[in-house]
Amino acid sequence: MVGKPPPRLSSRTPNDQLVLHYLTERDHPWLRALLDEYERGVGTKRNALVARLREPLAAPAPNSKQRLAVEALEGLVEASVAAKVPPPEARWHLFTAAAGARAPRDQLLEATAEQLGTDSEGLEEALFADLNSERVATPLPPEVTPQHVATEANRLLVSRWLSRAQNVRISAWGNTRALIRQARLHGLICNVRRAATPPRIALPATLDGLNELEAPGVELEVSGPLSLFRHTLLYGRALCGLLPRVAWCTRFELRATCESAPGTAPVTLTVRTGDPIKPGRELRPFDSQLEQRFARDFCKIAPNWNVVREPRPVDSGGSLIFPDFELVHRHDPSKKFLLEIVGFWTPKYLDDKLRKLRDARLDSIILCIDETRGCSDAALPKGAKLIPFRRRIDAKLVLSILEASFSDC
């Protein structure tokens with residue numbers, strides 16, 4: 001199962017290239033009208049306000065873009081619960097009273113309302129006031145502007161197509177480590193290698209000077225959600241999470257082969273530097289609580305070992321391997337081991353990973369495999385230091401591998 005179908009904001013060229021019709025500055029006037037209409041509806045039920053926002057605005061707007069902008073706006077604002085009595089408390093008291101009596105409904109409402117210090121109407125309104133459809137709209141945060149809504153709508157537009165991808169290739173230069181971390185954080189199945197010299201492409205005036213950039217880059221090949229047998233919705237969301245991160249790179253090009261309408265050939269989606277995609281927030285020191293917990297656990301039981309976060313990548317026949325940690329002995333730096341955490345995986349993916357490690361003549365590495373995110377019931381490959389885990393990596397087992405590997409040194 002994949003996400004929602006893409007909105008009608010794209011066209012197909014004769015050579016099966018996908019052209020996206022982004023929201024731009026030309027859409028800001030009607031987006032301002034949309035935000036003004038939202039402000040008029042603050043305090044009303046959210047569903048009613050959303051329905052109103054889909055109706056004609058004071059400034060003319062393309063229907064498809066307006067619907068996408070409304071969806072983007074829904075994700076940028078919160079709705080609150082407006083009730084005289086907390087809804088869970090109202091439901092518990094009323095349903096408990098109804099289970100133990102055969103009194104008429106109005107009488108039960110009045111008796112329960114009096115018990116809770118309100119009236120029947122207030123009690124009835126409170127029963128389901130915490131449902132999304134019954135919550136009320138809150139004022140817009142200051143940062144929600146026409147430009148903010150436009151960039152969020154553009155992210156949704158690209159994400160809808162990415163959720164239907166068969167494969168994705170990303171070439172990026174500058175600030176690429178954050179992109180690799182994001183892919184690894186969400187357990188995406190991807191191979192990384194060094195990228196060629198960045199192509200010269202037309203850039204906006206504000207980025208024109210980057211045409212002279214010759215920074216080394218990376219190329220990621222990522223399996224799309226439609227190439228997996230299961231977890232497609234979860235995996236599709238993880239893949240879409242790369243989009244704000246790739247926008248951090250100084251220069252990038254994302255190409256994806258996506259499923260189109262039934263009975264038609266796939267289309268190629270291309271997103272490049274300069275497209276109106278908003279960068280994501282800066283990443284935290286650790287990618288996840290799993291990594292942070294392992295580092296803490298290992299440091300407690302292994303005082304003679306240092307945990308190096310994000311060591312240098314390993315080159316293996318043109319491919320790059322980005323281990324999560326390097327474990328280095330404090331008194332003998334020649335004693336060191338790499339540790340990599342693998343999220344979504346298939347036996348073939350692990351076989352390819354192990355082959356690359358052999359090609360790099362690198363055997364001092366531990367692969368920690370998430371048992372809950374495997375995409376196959378086949379057995380794990382043999383002949384490598386693999387540690388299956390669920391929720392927590394066994395730091396003692398890692399230390400025992402280190403000690404056994406260097407016991408004869």
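This is a predicted model: local features need pLDDT of at least 70, side-chain atom pairs count only at pLDDT 80 or more; totals for chains, interfaces and linings use all residues.
The protein chain contains 13 helices and 16 strands. Of its 409 residues, 46% count as buried. Among contacts in the chain with a separation of 6 or more, 72% are accounted for by residues 24 or more positions apart.

Helix α3 comprises the 14 residues 63-76. The buried residues of α3 are S64, K65, Q66, L68, A69, V70, A72 and L73. These buried positions pack against three other helices, namely α1 (28-40), α2 (46-53) and α7 (146-162).

The axes of the two helices, α2 and α3, are 10 Å apart, and the packing angle is about 150°. Because angles over 145 degrees count as roughly antiparallel, α2 is roughly antiparallel to α3. The crossing of this pair, α2 and α3, is right-handed. On the α2 side the contact is formed by R46, V50 and L53, and on the α3 side by Q66, V70, L73 and E74. Sorted by class, the residues in the contact of α2 with α3 are four nonpolar, one polar and two charged. Of the α3 residues in this contact, Q66, V70 and L73 are also listed among the buried residues of the helix.

A second pairing involves α2 and α1. Here the axes of α1 and α2 come within 10 Å, with a crossing angle of roughly 150°. It follows from this angle that α1 is roughly antiparallel to α2. The crossing in which α1 passes α2 is right-handed. Residues L34, E37 and Y38 of α1 meet L49, R52 and L53 of α2 in this contact. By class, the contact of α1 with α2 has four nonpolar and two charged residues, with no polar residue.

In each case a right-handed crossing is found, for α2 with α3 and for α1 with α2. Helix α1 is also one of the helices against which the buried residues of α3 pack.

Terms used
Residues are numbered from 1 along each chain as its sequence is written. Side-chain values use heavy atoms; hydrogens and water are left out. Helices (H or I, at least four residues) and strands (E, at least two) are DSSP runs, numbered from the N terminus. The expected span of a helix is 1.5 Å times one less than its number of residues. Buried means under 20% relative accessible area, exposed over 50%, partly exposed in between (1.4 Å probe, protein chains only). Contact means heavy atoms within 4.5 Å. Axes are lines fitted to C-alpha atoms, for helices over the stretch in contact, and angles run from 0 to 180 degrees between N-to-C directions. Angles under 35 degrees count as roughly parallel, over 145 as roughly antiparallel, 65 to 115 as roughly perpendicular and the rest as oblique. A crossing is left-handed if the near helix is turned anticlockwise from the far one by less than a right angle, and right-handed if clockwise. Ala, Val, Leu, Ile, Met, Phe, Trp, Tyr, Cys and Pro count as nonpolar, Asp, Glu, Lys and Arg as charged, and the others, Gly among them, as polar.
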